[in-house]
Amino acid sequence: MIVDHARNMNFIWDRILPDETRRLLTVNAKIKELALVKYDDATYEHAVKVAEYSSEMLRTLGMTLEIQDEIVIEIIGISHDLVEDTDVTLEDLRNILSEIHNTVIEDYIISCIELVSRNIDYEDNQPVKSKVVKPYNTYIEMIKDNKPQYPAAWFVKLADIKHHFELYDTLTDS
């Protein structure tokens, strides 16, 4: 009986949700699975909090977020430390994001992740993972300068800072 009910709900959701939203949800689930494997428990919880805080901040400012906006912000929030703190590359994320089948959304998410990752440099105008992190002031200025084009990166970074302040033992000098 429960299985039949679940099948009926899936049928209903398939009819209600646009294809793009379903693809975003699928990609979001894959990003979460990757994060669970790559992050330790505390880092995963931090990433989830950053995603939650980002959406809360936007709503507090009076923005109405569509389900697609919520999913994109969650993907960026969950992913914000993957490139910086694990062996995951931007190319790895791009491969997962390609399942969205919308290059505008995929490029937006990747650009936001590039901005919030301190160890991304550019060679031949292509983002590459670097062993050297940007000076903090330069890094924050870059996020601030790109706020009009990539507001999600700005809000994810603010949420990241907020959560680190709550977990003051995770703050570092760098």
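How much of the accessible surface of the chain belongs to carbon and sulfur atoms?

1. Surface. In this predicted model, the chain has an accessible surface of about 10400 Å², and carbon and sulfur atoms account for 54% of that area. Of its 174 residues, 40% count as buried.

2. Architecture. The chain contains nine helices and two strands. Read from the N terminus, the order of elements is α-α-α-α-α-α-α-β-β-α-α. Among contacts between residues at least 6 apart in sequence, 64% join residues at least 24 apart.

3. Confidence. The chain has a mean pLDDT of 83, with 78% of its residues at 70 or more. Helix H6 has the highest confidence, at 94, whereas helix H1 (residues 2–16) has the lowest, at a mean of 46. The pLDDT is below 50 over residues 1–13, and this stretch has one contact in the model beyond near neighbours in sequence. Where pLDDT is low, predicted coordinates should not be read in detail.

4. Geometry of helix H4. This helix covers residues 67–79, and its end C-alpha atoms lie 18 Å apart. That distance agrees with expectation, because 13 residues at 1.5 Å a residue should span 18 Å.

5. Packing of helix H4. The buried residues of H4 are Ile71, Val72, Ile73, Ile75, Ile76, Gly77, Ile78 and Ser79. Their packing partners are helix H2 (19–38), helix H3 (41–60), helix H5 (82–85), helix H6 (90–97), helix H7 (103–116) and helix H9 (151–166). One of these partners, H6, is also the element with the highest confidence in the chain.

Key: Residues numbered from 1 in each chain as written. Predicted model: local features only at pLDDT ≥ 70, side-chain atom pairs only at ≥ 80, totals over all residues. Heavy atoms only, no water. Helix = DSSP H or I, 4+ residues; strand = E, 2+ residues; numbered from the N terminus. Expected span 1.5 Å × (residues − 1). Buried < 20%, exposed > 50% of the residue type's maximum accessible area, 1.4 Å probe, protein only. Contact = heavy atoms within 4.5 Å. Areas by Shrake-Rupley, 256 points an atom, 1.4 Å probe, with all protein chains shown as cover. pLDDT = per-residue confidence, 0-100.
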